[in-house]
Amino acid sequence: MTTLLDDPLDAAALLRAGALVAFATETVYGLGADARNGTAVAAIFEAKGRPHFNPLICHFPDAESAWAEVRADGRALALAAAFWPGPLTLVLPRRADCRIDLLAGAGLDTLAVRVPAHDGALALLRAAAIPIAAPSANRSGRISPTTSAHVISELGGRIAAVLEGGDCAVGLESTVLDLAGGGAVLLRPGGVPVEAIEAVIGPVGRPLPLHAGPAPTLRSPGMMLSHYAPSLPLRLNATEVGGDEALLAFGPPLPGAARVFQLSESRDLTEAASRLFAGLRALDELGVCGIAAMPVPGEGLGPAIRDRLIRAAEPKN
Ligand code: TXA
Ligand code: MG
């Protein structure tokens, strides 16, 4: 039985007791566990059915509590001041006295940390007063959930509770930035556009484009292709739509499309990001032969949306 909770205090008590609780953030719902507790962290991988121990993001109520576990440099301080609470995850070196279980960090000497911008999540993190490890609350290889109903359909019966937190405002995951080496490297485009980060700390390295080689998977396992997969084939940059296809529209729908999910009629990238995963899910359930996705521009949140679409289009195995 998975309970739907309204009170962050109830959710915090469960987390402190080692249970798994999903909760809303501004990006997507996370599947939370006490990050210090190896058994609780292992239960995350079990519930998600993850084939590998990917490193997880640790969530904190404020920057100071994050800095107790990782070493922040000037760039991290500046980025936290600019974007936290918010959809930016920083990968930083673990402190020698870091309390986070090694499995949560997949045995790496770095840790991904963030402070989410969601009142319910912050109330939960404050009440729990422990670092909370939380990957997206979907089964492995599936679309990240942006409503409590999505979480129940993914993980109902496998986790103790879901803290109701409404629809996620950003709708795609946080930007992951690696500051642990010399330079700053973008590991995953997400809710904070990379241009906004560069305005604070200067140039950010982008790894090779997704199809140019094998390198990115090594640094950030979450960059695996076919990571946000609907079960239907997805066609990118569609300029026409087949009779047996559903259309993921951005702006005025292509002529002839019978079944349409509109990301943003007015071509607003923020609105489109917030509706992306819900749209993929909705079209996936229609019983059509495939999904045609209209092109999305490359500025602002566009690259993060394109990144998720490219992964969703990758053949499943
Ligand atoms: O918006 C989000 O970030 C959501 C919400 C729940 O906060 N969480 C999320 O977690 O998307 P997850 O586990 O699905 O993705 C974590 C990403 C992966 O790409 C992972 O490889 C990367 O962060 N990551 C975590 N720790 C890392 C580390 N030490 N070094 C490099 N990459 C790391
Ligand atoms: Mg995920």
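Select helix H4 (residues 74-83) first: it lies across strand S5 (88-93) and strand S9 (175-178), at about 160 degrees to S5. Helices (H or I, at least four residues) and strands (E, at least two) are DSSP runs numbered from the N terminus. Contact means heavy atoms within 4.5 Å. Axes are lines fitted to C-alpha atoms, for helices over the stretch in contact, with angles from 0 to 180 degrees between N-to-C directions.

This is a predicted model: local features need pLDDT of at least 70, side-chain atom pairs count only at pLDDT 80 or more, and totals for chains, interfaces and linings use all residues. Residues are numbered from 1 along each chain as its sequence is written, and side-chain values use heavy atoms, without hydrogens and water.

Now show the sheet. Its 10 strands form an open sheet with mixed pairing, in the order S1-S8-S2-S3-S7-S4-S6-S5-S9-S10. Strand S1 (3-5) and S10 are the edges, each pairing on one side only; strands pair if DSSP finds at least two bridges between them. Zoom to S2 (residues 21-24) and S8 (residues 161-163), which run parallel and share three bridges. Val 21 has Ala 161 of S8 as its bridge partner.

Next, pick Asn 138, in the loop between strand S7 (132-133) and helix H6 (148-155). Asn 138 is buried, at 3% relative accessible area (buried is under 20%, with a 1.4 Å probe and protein chains only). Beyond four places in sequence, Asn 138 touches Lys 48, Ile 143, Ser 144, Pro 145, Glu 154 and Leu 155.

Finish at helix H10 (residues 302-313), whose buried residues include Gly 302, Ile 305 and Leu 309. Their cover includes helix H9 (269-284) and strand S12 (245-250).

Notes:
Chains are lettered from A and ligands numbered from 1 in the order in which they are written. Buried means under 20% relative accessible area, exposed over 50%, partly exposed in between (1.4 Å probe, protein chains only).
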